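Subject: Structure handover

Hello,

Here is the structure you asked about. My notes follow below it.

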Amino acid sequence: MSDGKQVFSPAQRSLLTGVINRIIPPNDKMPGAGTLGIAAFIEDAAAATSSLTRLFNEGLAQVAVAAGQNSEPDSSIGFERLSDTAKDDLLRSIEASNPAFFD
């Protein structure tokens with residue numbers, strides 16, 4: 001991360017990286033966008049205003065809750081343990097209910 005203000009917890013950063021890697025996944029020799037450090041850029045942008053911080057915190061919370069609800073009975077499995085298809089379905093459903101998070 002750059003010298004910007006940190007507004008996400010380590011767990012949120014990890015989740016954001018996973019989400020970004022599903023939106024722009026690895027391809028051939030190119031890593032996914034999350035692996036390229038885009039999450040740090042987004043965190044810097046989110047830190048710019050309280051409304052963006054709130055938007056991202058709420059969106060990441062929606063993903064985390066939905067991943068727990070959509071996984072096996074052990075809710076600690078989380079987003080990263082879901083299949084790619086399940087991740088895509090989860091992200092589509094959150095985008096439908098919270099499009100601003102994906103804008």
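Helices (H or I, at least four residues) and strands (E, at least two) are DSSP runs, numbered from the N terminus. By that rule the chain has five helices and zero strands. The pattern along the sequence reads α-α-α-α-α.

Two notes on the source. This is a predicted model, where local features need pLDDT of at least 70, side-chain atom pairs count only at pLDDT 80 or more, and totals for chains, interfaces and linings use all residues. Residues are numbered from 1 along each chain as its sequence is written, and side-chain values use heavy atoms, with hydrogens and water left out.

**Overall**

Buried means under 20% relative accessible area, exposed means over 50%, and partly exposed is in between (1.4 Å probe, protein chains only). Of the 103 residues in the chain, 35% are buried. The chain exposes about 6200 Å². Carbon and sulfur atoms supply 54% of that area. Accessible areas come from the Shrake-Rupley method with a 1.4 Å probe; for residues, only the protein chains shown count as cover.

A contact means heavy atoms within 4.5 Å. Take the contacts between residues at least 6 apart in sequence: 54% of them join residues at least 24 apart.

**The core**

A nonpolar core is a set of buried Ala, Val, Leu, Ile, Met, Phe, Trp, Tyr and Cys residues joined through side-chain atoms within 4.5 Å. The largest one holds 21 residues. Phe8, Leu16, Val63, Phe79 and Leu90 touch the most other members. Helix H1 (10-23), H2, helix H3 (50-70) and helix H4 (84-97) each supply at least two residues of this core. H3 gives the largest share, five residues.

Look at Phe8 in the viewer. Setting aside neighbours within four places in sequence, Phe8 is in contact with Arg13, Leu16, Glu43, Ala46, Phe56, Asn57 and Leu60.

**Salt bridges**

A salt bridge is a side-chain nitrogen of Lys or Arg within 4 Å of a carboxyl oxygen of Asp or Glu. The whole structure has five.

- Glu43 pairs with Arg13, with the closest N and O atoms 2.8 Å apart. Glu43 is in helix H2 and Arg13 in helix H1, 30 residues apart, so this pair links distant parts of the chain. Glu43 is buried, at 0% relative accessibility.
- Arg22 pairs with Asp84, with the closest N and O atoms 3.6 Å apart. Arg22 lies in helix H1 and Asp84 in helix H4, so the pair ties together parts that are 62 residues apart in sequence. Arg22 counts as buried at 19% relative accessibility, while Asp84 is partly exposed at 42%.
- Lys87 pairs with Glu80, and here the closest N and O atoms are 3.6 Å apart. Lys87 is buried, with a relative accessible area of 7%; Glu80 is partly exposed at 45%. Salt bridges that share partners also join Arg22, Asp84 and Asp88 into one network.

**Helix H2**

H2 covers residues 38-46. Which of its residues are buried? They are Ala39, Ala40, Ile42, Glu43 and Ala46. These residues cover an arc of only 160° around the axis, which puts them on the same side of H2. The arc is that of the directions from the helix axis to the C-beta atoms. An α-helix has 3.6 residues a turn, so residues three or four places apart point the same way.

Ile38 is also in H2. Ile38 is partly exposed, with a relative accessible area of 35%. Together with Met30 and Leu36, Ile38 forms a nonpolar patch on the surface, with about 280 Å² of accessible area. Patches are made of residues with over 30% relative accessible area and no salt bridge; like charges are joined within 9 Å, nonpolar side chains (Val, Leu, Ile, Met, Phe, Trp, Tyr) within 5 Å.

**Two more residues**

Leu52 is in helix H3 and partly exposed, at 31% relative accessibility. Not counting residues up to four places away in sequence, Leu52 touches Ala45 and Ala46. Leu52 and Phe101 are 49 residues apart in sequence and 9.2 Å apart in space, C-alpha to C-alpha.

Ser93 is in helix H4. Its relative accessible area is 41%, so Ser93 is partly exposed. Ser93 and Val63 are 30 residues apart in sequence, with 9.7 Å between their C-alpha atoms.

Best wishes
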